[in-house]
Amino acid sequence: MNGLVLAELRVGPHDDVLEIGFGGGALLGRLRDATNGRVHGVDVSEEAVARVRRRFDSRIEIHEASVEALPLADASVDAACSVNNLYFWPDPAAGMAELARVVRPGGRLAIAFEPADELRKWPGHRHGFRLFEEDEVRALMDQARFGAVRRAEGRGRKPDRFVCLTGVRDGAEAAR
């Protein structure tokens, strides 16, 4: 999934980027290697934050926060992404609006997730996962003014199939 998100996000050499829900930090390292810009990681887990702070140098700015309250300035990143994390957002519409606030107009957002039919194949989805259909994620992106949405699909051992939706931030002002 991380490889697909990185390819779809099209990080430029000077882009400032953000990952929401970085977990172990595998994608953060790849984002850092893709740009000379600032790299931000946001996760709600105190343990994940501590582990990733030990793992990476200070060039990656790690924040313990929720997607609904990002500790970043308005229009401060060129690209943002979230991989297998949307399921846990307390308020997906508020999270998407907050991403629209911090992504610069013309910037990109990539959301990768396993569609509901894939997650239903795995019994673990019953424990804290909110399942999403692709059209629901598209609607959240549209509501937050991420347009020109592209769809890419990937396959793996687990999950069997996953989707990455990538949109471009519209307008001069963030969605509220």
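## Briefing on a predicted structure

Five bridges connect strand β2 (residues 39–43) with strand β3 (residues 60–64), and these two strands run parallel. The structure discussed here is a predicted model.

**Aromatic rings**

- A pair of aromatic rings is described by two quantities, the distance of the centres and the angle of the planes.
- The count of aromatic pairs comes to one.
- That pair is formed by Tyr87 and Phe88, whose ring centres are 5.9 Å apart and whose planes stand at 90°, so the pair is edge-to-face.
- The angle decides the description, because planes over 60 degrees apart count as edge-to-face.
- Tyr87 counts as buried because its relative accessibility is 3%, and the cut-off for buried is under 20%.
- Phe88 has a relative accessibility of 43% and therefore counts as partly exposed.

**Cysteines**

- How many disulfides does a search of the whole structure find? The search finds zero disulfides.
- For Cys81, the closest cysteine sulfur is that of Cys164, at 8.6 Å, which is too far for a bond.
- The reasoning rests on a cut-off: a disulfide requires two cysteine sulfur atoms within 2.5 Å.
- Cys81 is buried, because its relative accessible area is 1%.
- Cys164 also counts as buried, because its relative accessibility is 0%.

**Ser82 in strand β4**

- Ser82 is located in strand β4 (residues 77–83).
- Is Ser82 buried or exposed? With a relative accessible area of 1%, Ser82 is buried.
- Which residues does Ser82 touch, not counting residues up to four places away in sequence? They are Ile20, Trp89, Ala110, Ile111 and Ala112.

**Two arginines with positive phi**

- Arg10 is not a glycine, yet its phi is positive, at about 55°.
- The position of Arg10 is in the loop between α1 (2–9) and β1 (17–20).
- Arg10 has a relative accessible area of 53% and is therefore exposed, since the cut-off for exposed is over 50%.
- Arg145 likewise is not a glycine and has a positive phi, of about 70°.
- Arg145 lies in the loop between α6 and β6 (146–155).
- Because its relative accessibility is 31%, Arg145 counts as partly exposed.

**Ala139 in helix α6**

- Ala139 is part of helix α6 (residues 134–143).
- The relative accessible area of Ala139 is 43%, so this residue is partly exposed.
- How far apart are Ala139 and Glu114 in sequence and in space? In sequence they are 25 residues apart, and in space they are 16 Å apart, C-alpha to C-alpha.

Conventions: Residues numbered from 1 in each chain as written. Predicted model: local features only at pLDDT ≥ 70, side-chain atom pairs only at ≥ 80, totals over all residues. Heavy atoms only, no water. Pairing = 2+ DSSP bridges. Helix = DSSP H or I, 4+ residues; strand = E, 2+ residues; numbered from the N terminus. Phe/Tyr/Trp six-rings, centres within 6.5 Å; stacked < 30°, edge-to-face > 60°. Buried < 20%, exposed > 50% of the residue type's maximum accessible area, 1.4 Å probe, protein only. Contact = heavy atoms within 4.5 Å.
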